[in-house]
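I opened the notebook to record what I looked up, one entry at a time.

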Amino acid sequence: MTAAIFAMEVISVGVMYYAALVPCVLSAIIASQISSAFGSKPTSFLLPEKFIPDISPLLIVQVVVLSAFCALLSIAVCLVFHKISLLYRKYLPNLYLRSVVGGALVALLMLLLQTTDYLGAGMSVQNAINGQARPEAFILKTLLTALTLGAGFKGGEIVPSFFIGATFGCTISTLLGLPPELAAALGLVALFCGVTNCPIASFILSLELFGGQGCLFFLLAVSISYTLSGYYGLYSKQKILYSKTRPVFIDTQTK
């Protein structure tokens, strides 16, 4: 469901063309069936109900603050990704040399850090959902992903954003007084929303990844993150057709 709605929502934020509904839904179903046929299982994370407190004014404030921080982090992530890519192109215009240098930088950093936790897409998100994340994890993952993508190794930005958001949420949970498991789940979804500007797809993502538990908190998180993340985004060709705060047609590209 997320794939179908995301494809429709990401192109022109503020306007969804329902003529694309049938092609997008059929494409998502076919892709899912093909993946299942090859043994690939849908991604989901366990978020027990015991980690989801009853709704209260204090909890609403805590979720709003976490979501606001995720919105600011999403801006930083987009800026780091774009700036490092520009630096690569400026100082290493040769694509092959850029790839060699980028690969060497990532390998060197892994040797210095003595860990492979930040390699790959970042599917070890479950550790953060379990309440375990190193304080520097979201920073290192942002840097290493930017170095990898900027060098020309295209493996996707979406799943790394899950890792960044989940580890960030888990890290600041103690400061906000939130259960780290819930904060990690909210951080994952809120950061994804901030970097893609797709609140509807982000909310559906929360349902597919975590079930219906705490759905109100996820809806609040994506709403705040979308509103406060400005007009930045992972995709430079993405169009923001309407203002995020007023019913005004702006027709601008993301920064």
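**Entry 1: a serine side chain.** I began with Ser 173, whose side chain reaches the backbone oxygen of Cys 170 at 2.7 Å. I note here that the model is predicted, so the distance is a computed one. I then looked up where the residue sits, and Ser 173 turned out to lie in helix H7, which covers residues 158-176.

**Entry 2: its surroundings.** Is Ser 173 buried or exposed? Its relative accessibility is 1%, and the limit for buried is under 20%, so Ser 173 counts as buried. Next I asked which residues Ser 173 touches, leaving out those up to four places away in sequence. I found Leu 178, Pro 179, Pro 180 and Ala 183.

**Entry 3: a threonine.** I moved on to Thr 145, which has its place in helix H6, residues 137-150. Thr 145 counts as buried because its relative accessibility is 6%. Setting aside neighbours within four places in sequence, I found Thr 145 in contact with Phe 81 and Pro 160.

**Entry 4: the elements.** How many helices and strands does the protein have? I noted 10 helices and 3 strands. Read from the N terminus on, the order is α-β-α-α-α-α-α-α-α-α-α-β-β.

**Entry 5: overall dimensions.** I looked up the box that the C-alpha atoms fill along the principal axes, and it is roughly 55 × 45 × 45 Å. The radius of gyration is 18 Å. A compact globule of 255 residues would have a value near 18 Å, so the protein agrees with that expectation.

**Entry 6: inside and contacts.** What share of the 255 residues counts as buried? I wrote down 44%. I then took the contacts with a separation of 6 or more, and 69% of them are between residues 24 or more positions apart.

**Entry 7: surface and charge.** I noted an accessible surface of about 12900 Å² for the protein. Carbon and sulfur atoms account for 69% of that surface. Last, I looked up the charged side chains and found 14 positive and 9 negative ones. The centres of these two sets lie 16 Å apart.

Key
Residues are numbered from 1 along each chain as its sequence is written. This is a predicted model: local features need pLDDT of at least 70, side-chain atom pairs count only at pLDDT 80 or more; totals for chains, interfaces and linings use all residues. Side-chain values use heavy atoms; hydrogens and water are left out. Helices (H or I, at least four residues) and strands (E, at least two) are DSSP runs, numbered from the N terminus. The radius of gyration is taken over C-alpha atoms; the globule rule is 2.2 Å times the number of residues to the power 0.38. Buried means under 20% relative accessible area, exposed over 50%, partly exposed in between (1.4 Å probe, protein chains only). Contact means heavy atoms within 4.5 Å. Accessible areas come from the Shrake-Rupley method with a 1.4 Å probe; for residues, only the protein chains shown count as cover. Lys and Arg count as positive and Asp and Glu as negative; His and the chain ends are not counted. The place of a charge is taken as NZ of Lys, CZ of Arg, CG of Asp or CD of Glu. A polar contact is a pair of N or O atoms within 3.5 Å; within protein, one must be able to donate a hydrogen and the other to accept it, and residues adjacent in sequence count only if both atoms are side-chain atoms.
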